[in-house]
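Here is a short briefing to read with the model open beside you. Please take a look at the structure first, then come back for the tour.

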Amino acid sequence: MAGQGTPATALLVKRGIAHRTHPYRVSPDAPNYGALVAVALGVAPERVFKSLVTAVDGGLTVAVVPVTGELDLKALAAAVGGKRATLAERAVAERATGYVRGGISPLGQRRRLPTVLDDSALDLPTIYVSAGRRGLQLELAAADLVALTDARTAPLQTR
């Protein structure tokens, strides 16, 4: 895949952060998209994380959770000291991040948003997140993602 550069990959290169890019082919309209990405990459699905733009008490926040689970909106609100969280509208998420649905990365966003990473990521050697384009994932250490985004970690999956 030629021209794999995105704002997310540019940030990693600029900061000298170890990472790998992984192209894949999955239809963005496929049901269970995240699980299919894990299969296409040949990795355990709990290592693949989705970035969800949410509204917590009116302000935008990014929740980064494994594709194997659902986001617990109450847990997210609590993690950032808020009362109520909802998923942001698609257009709002795309406008704030500069990325399109299915390719929203927690890194290199147009407007840097507060980020919360599910704490399960800390138990893994590396995790996979969107590189900022459909069909391209980044593999990096969770600690590096936390450092680059100033993320909080908290249990965010429904159990």
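Predicted model: local features only at pLDDT ≥ 70, side-chain atom pairs only at ≥ 80, totals over all residues.

Residues are numbered from 1 along each chain as its sequence is written, and side-chain values use heavy atoms, with hydrogens and water left out.

**Confidence**

- The predictor's confidence in each residue is pLDDT, on a scale from 0 to 100.
- The protein chain has a mean pLDDT of 93, and 97% of its residues reach 70 or more.
- Confidence is lowest in helix α2 (residues 33–41), with a mean of 93, and highest in strand β5 (residues 115–118), at 98.
- Helices (H or I, at least four residues) and strands (E, at least two) are DSSP runs, numbered from the N terminus.

**Domain from the record**

- An unreviewed UniProt entry places the feature "domain: YbaK/aminoacyl-tRNA synthetase-associated" at residues 37–147.
- UniProt positions are given in the numbering used here, feature names are shortened, and annotations may be inferred rather than shown by experiment.
- The span of residues 37–147 is 23% helix and 32% strand, and its end C-alpha atoms lie 25 Å apart.

**The largest pocket**

- The largest pocket has a volume of about 620 Å³.
- Of the 25 residues that line the largest pocket, Lys50, Ser51, Leu52, Arg101 and Gly102 are the closest to its centre.
- A pocket here is found on a 1 Å grid over the protein atoms alone: it is an open set of points where a 1.4 Å probe fits, with protein on both sides within 12 Å along at least five of seven lines, and lining residues have an atom within 4 Å of a point.
- Grid points are joined across faces, edges and corners, and the volume is the space filled by probe spheres set on the points.
- At least two lining residues come from each of α2, β2 (49–56) and α4 (90–97), and β2 gives the most, with five.
- By type, the lining divides into 14 nonpolar, seven polar and four charged residues.
- Ala, Val, Leu, Ile, Met, Phe, Trp, Tyr, Cys and Pro count as nonpolar, Asp, Glu, Lys and Arg as charged, and the others, Gly among them, as polar.

- Two strands pair if DSSP finds at least two bridges between them.
- β6 (residues 127–133) and β7 (residues 136–140) run antiparallel and are joined by five bridges.
- Ser130 has Gln137 in β7 as its bridge partner, while Tyr128 stands opposite Glu139 in β7.
- Together β6 and β7 form a hairpin with two residues between them, and Gly135 in the turn has a positive phi of about 90 degrees.
- β1 also pairs with β7 in the antiparallel sense, over four bridges, and Pro23 has Leu136 in β7 as its bridge partner.
- Buried means under 20% relative accessible area, exposed over 50%, and partly exposed in between (1.4 Å probe, protein chains only).
- Six of the seven residues of β6 are buried, so this strand is largely enclosed by the rest of the structure.
- Five of the five residues of β7 are buried, so β7 is also largely enclosed by the rest of the structure.
- Leu136, Leu138 and Leu140 point one way from β7 and Gln137 and Glu139 the other way, and all are buried.

**Single residues to look up**

- Asn32, in the loop between β1 (20–23) and α2, has a positive phi near 60 degrees without being a glycine.
- Asn32 counts as exposed, at 57% relative accessibility.
- Asp57 lies in the loop between β2 and β3 (59–66), and has a positive phi of about 50 degrees although it is not a glycine.
- Asp57 is partly exposed, with a relative accessible area of 48%.
- Thr97, in helix α4, is buried, with a relative accessible area of 1%.
- Ala35, in helix α2, counts as partly exposed, at 24% relative accessibility.
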